[in-house]
Amino acid sequence: MRATLMYGAGDVRVENVPDSVIKQPTDALVRVTASCICGSDLHPYGSMSAAEGPARMGHEFIGIVEATGSEVTTVKKGDLVVAPFAFSDGTCEFCREGLQTSCVHGTFWDMLPDEGGQAEAVRVPLADGTLVKLPVAADSALMPSLLTLSDVFGTGYHAAVAGGVSERTRVTVIGDGAVGLMAVLSAKRLGAEQIILMGRHQARTDLGREFGATDVVSARGQEGIDAVRQLTGGHGTHVVLEAVGHMPAYEQALGAVRPGGVISRVGVPQYEDAPIGFNSLFANNIRLAGGPAPVRAYIEELLPDILSGAIEPGKVFDATTDLDGIPGGYQDMADRRSLKVLIQP
């Protein structure tokens with residue numbers, strides 16, 4: 001079968017690899033019908049050393065179950081399923097608490113060396129706890145929106161939930177990438193009274209306004225912080241959803257959050273050390289939240305709104321390709337020519 005491998009920074013190839021097969025009785029074999037390139041894939045695309053490769057790529061996918069292990073009971077051959085970006089057993093103490101990304105038996109797709117969603121097929125470990133059956137056909141027009149449940153929508157929603165967004169909150173979203181736009185949509189869904197989107201790409205911020213942003217700030221650094229404060233009576237917002245992962249975005253969040261507020265980070269941090277001391281967080285009772293989104297915990301909650309057409313998160317996909325176009329898709333996203341690339345193997 002064919003699959004995507006990253007050999008190093010800027011070097012993505014689609015190659016023939018051994019077919020995925022059932023290995024454990026809890027596995028399912030899924031033929032991929034839709035996948036995508038994630039913004040987090042761009043971090044290794046920009047910095048991965050050749051010594052770290054080749055690595056199988058892709059952690060967001062929908063597909064049709066082709067076979068199951070003897071212990072799998074919740075899905076069967078022929079089912080259309082969506083897979084979160086981390087697989088989990090659904091039964092451990094963390095899964096029962098809705099924190100599937102800390103499952104004692106599961107992990108992230110990126111940690112499974114011989115599998116990945118940017119491929120023709122995937123072996124899914126812990127299928128009962130991981131896969132969610134979708135009540136539509138594989139050619140449904142809802143497919144782009146349903147695919148966002150595997151990561152990007154659930155991640156934006158996690159940012160808003162972890163930040164405590166409600167009807168009484170003002171929110172700043174830092175980043176106009178797909179996760180940032182999903183954070184806007186999520187804050188709107190949770191009733192935020194004001195949503196300020198910090199981004200500078202008009203096509204993206206226009207989509208952000210469609211998703212619910214009430215204001216757009218294109219400036220960065222201190223100028224951007226000053227603009228947010230001018231929009232909020234000088235205080236900043238109750239919640240800042242940081243969807244980038246780089247230090248300047250964290251520093252911008254520090255400047256935009258009001259005393260007693262929350263910074264909720266879901267952009268994968270590209271740093272270990274960050275200001276958390278007296279002047280940055282402690283003095284103003286600012287809390288730091290977020291983390292890898294347990295998207296499996298949110299799928300059943302978010303699915304009905306997609307099925308009804310109440311929301312259309314799939315609008316973040318602005319390009320579609322087959323497997324052959326994946327290397328170009330990476331480059332287009334890195335160069336900001338594409339927001340998020342949908343893959344149809």
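These questions and answers set values from a predicted model against their definitions. Local features need pLDDT of at least 70, side-chain atom pairs count only at pLDDT 80 or more, and totals for chains, interfaces and linings use all residues. Residues are numbered from 1 along each chain as its sequence is written, and side-chain values use heavy atoms, with hydrogens and water left out.

Q: What makes the radius of gyration of the protein chain agree with a compact globule?
A: The radius is taken over C-alpha atoms, and the globule rule is 2.2 Å times the number of residues to the power 0.38. For 345 residues that rule gives a value near 20 Å; the protein chain has 20 Å, so the two agree. Along its principal axes the C-alpha trace spans about 60 × 40 × 40 Å.

Q: How many helices and strands does the protein chain have?
A: Eleven helices and 18 strands. Both are DSSP runs numbered from the N terminus: helices are H or I with at least four residues, strands are E with at least two.

Q: Why is helix α9 called largely enclosed?
A: Buried means under 20% relative accessible area, exposed over 50%, partly exposed in between (1.4 Å probe, protein chains only). Seven of the ten residues of α9 (residues 247-256) are buried, so the rest of the structure largely encloses the helix. Among them are Y250, Q252 and L254. For the protein chain, 54% of the 345 residues count as buried.

Q: What covers the buried residues of α9?
A: The cover includes β11 (170-174), β12 (194-198), α8 (221-231), β14 (237-242), β15 (257-265) and β16 (287-290). Contact means heavy atoms within 4.5 Å.

Q: Why is strand β3 called largely enclosed?
A: Eight of the nine residues of β3 (residues 28-36) are buried, so the strand is largely enclosed by the rest of the structure.

Q: Which strands does β3 pair with, and how do you know that they pair?
A: Two strands pair if DSSP finds at least two bridges between them. β3 has seven bridges to β5 (residues 61-68), four to β9 (residues 121-124) and two to β18 (residues 341-343). The pairing with β5 is antiparallel, and S35 has F61 as its bridge partner there. V30 stands opposite V122 in β9. C36 has L342 in β18 as its bridge partner.
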